[in-house]
Amino acid sequence: MSVAAMIDLGVPEGLVMDTVASLRLEGYGARVSKVQKNGIEAVRFDFDQTHAHAHEHSHIHGHVHEHTHEHRNLADISAILRASSLSKGALELALKIFGIIAEAEGRIHGVPAREVHFHEVGAVDSIADIAAASACIDYLAPDSVAFSVINEGSGFVSCRHGVIPVPAPATLEILRVFSIPFSQTDESGEMVTPTGAGIAAAAGDTFGTSCPSGKVLAVGYGAGSRDFKRPNLLRVMLIDGGEAERDAVCVLECNIDDMTAEGLAFASERLFELGCLDVTLAPLLMKKGRPGTLLSVICTPEMESGAADAIFAHTTTLGIRTRLTERHILPRRELLVHTADGDVRVKRSERNNRASYKPEYGDLRKIAAETGKNLSEIAHEAVNGAREKDN
C-alpha cells in the first residue's frame, strides 16, 4: 500500500519495477494496476509468484499472497538488498526498516535480532515491498514525514505460529518502542502489519499530529487487497509548507541551585541521548541571592513524559514547569559529504530561495583530531562539497 500510494503520488513506476528486478528474486514478479475502493480510484502494487503451484497462505502482510515461505535471517536479507540497485539513501532506509522489524520480532520470541529467522516478514514479497518503498521515499526526498494516528483493526489473524491477536505482537512492539499513537477500530482484521509499522517507524518524523499546513502539491492512494466498511486505502500527500514550517513542541524548565557543573552536564547528555531536540543551561540568581541554573529542554509532545522522568532521575529538582508551544522551522535536510579526510554530515536549510549549510561539529572535530587540520578548513571543504552535491 505504501509503494502503491507513492506511485499514485508521482514516483515513476519504472523506478519501482527496476528496483524490484534488481533484487533478483527468481520466480516472482511485480505488477501495478488501478482499482476502486468505495468509489475512490487507487493504485494497487502486487508482488507474487509468477509460476509454480502455491501451497501456503500468508495473512501477515498488507497484500495477501500465496507463496512458499523461505526462512532468511537479517544477514541474508542485507545481502540481497546490498546487491540491488538501491541508492545509498534507499539502502540505508531499507536496512533500517528490516532492523526495526528484527528487533521487534527478537523481543517477541526472546532471541537476538541477528538470530531472528524471518518467515512471513522475510518472504520475498516483503523484501520487495520494503526495497520499493525505500526507493520511493528516497526519490521523493521529503524534508520531513508526518503520520496521522495509525488505524488498526481488531480480532485475530492466522500466521505460521498459529492464531494471533490484532495488532500482531511484532506490530504492537514497534508501535510501543517508537511511541507511535494508534487507534483500534471495530473492523475485524489486520490493517497495520509489521512491515507497515516498520516503514512508519523508520521514515516518520512525527506521528499523530494534525496535518502539516501548506499547499497540497499531489495526492496518492494505495489500495490494500481486503475490503472493509471504510475504504482500505493509504493516502499520501505531498505538501509544500512554504518558507518556514511550524510544528508543536513541549518546553520543560526547572531552576536548580544544588548541583555541580559535572552533574548538570551529565543530565544534559542523558536528555540529548533520549532524543530531546535541545537542552540548554543558563545562569540565574535565585531567592536569597543564591546563584543557580535554569535547565530548559525542548522535545516533541510525545516525549514529554520521558523527558520529565529523565530530569527527575538525573537532577535534584522537585518540580518541572511545562508548556506546549509552536516553533517556526526552516525546511531542512541532511547531506552526507565525502571529503578527502572523511565523511561530514551537513545540514542544509533554505530561505528566500537561498540555501545555507552547517557542517556537523562532531564530524569536524573527529577529522581535525585525526588529521591536525583546523575546523574552519574542514568546514569549508564540507560546505563546498554540499553545494556541489546540491547542484
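**Local features of the predicted model**

K37 is buried, with a relative accessible area of 7%; here buried denotes under 20% relative accessible area, exposed over 50%, and partly exposed the range in between, computed with a 1.4 Å probe on protein chains only. This residue belongs to strand β1. Strands (E, at least two residues) and helices (H or I, at least four) are DSSP runs numbered from the N terminus. Residues up to four places away in sequence left aside, K37 touches A223, G224, S225, R226, D227, P231, N232 and L233, a contact being defined by heavy atoms within 4.5 Å.

The structure is a predicted model, in which local features need pLDDT of at least 70 and side-chain atom pairs count only at pLDDT 80 or more, while totals for chains, interfaces and linings use all residues. Residues are numbered from 1 along each chain as its sequence is written, and side-chain values use heavy atoms, with hydrogens and water left out. The pLDDT, the predictor's confidence in each residue on a scale from 0 to 100, has a mean of 88 for the protein, and 92% of the residues reach 70 or more. Over residues 51-69, by contrast, the pLDDT is below 50; this stretch has 57 contacts in the model beyond near neighbours in sequence.

Strand β1 is joined to β2 in the antiparallel sense over ten bridges, where two strands are taken to pair if DSSP finds at least two bridges between them. Within this pairing, R31 stands opposite D46 of β2. The two strands form a hairpin with two residues between them, and N38 in the turn has a positive phi of about 50 degrees. N38, in the loop between β1 and β2, is exposed, with a relative accessible area of 51%. A positive phi, near 55 degrees, is also found at R24, again a residue other than glycine. R24 is placed in the loop between α2 (13-22) and β1 and is exposed at a relative accessible area of 68%. Most residues other than glycine have a negative phi, and most peptide bonds are trans. The peptide bond from V166 to P167 is cis, with omega near 0 degrees; P167 lies in the loop between β6 (162-165) and α6 (169-177).

Two aromatic pairs were found in a search of the whole structure. Rings of Phe, Tyr and Trp (its six-membered ring) were paired if their centres lie within 6.5 Å, with planes under 30 degrees apart counted as stacked, over 60 as edge-to-face and the rest as tilted. Y28 and F47 form a stacked pair, with 5.9 Å from centre to centre and 15 degrees between the planes. Because Y28 lies in strand β1 (residues 28-37) and F47 in strand β2 (residues 40-49), this pair ties together parts that are 19 residues apart in sequence. F147 is located in strand β3 (residues 146-147) and F207 in strand β8 (residues 206-207), so the pair ties together parts that are 60 residues apart in sequence. F147 is partly exposed at 22% relative accessibility, whereas F207 is buried at 9%.

A further contribution from an aromatic ring concerns F266: the charged end of R270 sits over its ring, 4.2 Å from the centre. This assignment requires NZ of Lys or CZ of Arg within 6 Å of the ring centre and within 35 degrees of the ring normal.

An open sheet is formed by three strands in the order β15-β16-β17, with antiparallel pairing. β15 (332-339) and β17 (354-359) are the edge strands, each pairing on one side only. On average, neighbouring strands of this sheet are turned by 35 degrees against each other, direction ignored; axes are lines fitted to C-alpha atoms, for helices over the stretch in contact, and angles run from 0 to 180 degrees between N-to-C directions. Six bridges join the antiparallel strands β16 (residues 342-351) and β17, and V346 has P359 of β17 as its bridge partner. Helix α10 (residues 361-371) packs on the sheet and touches β15, β16 and β17, its direction making about 150 degrees with that of β16.
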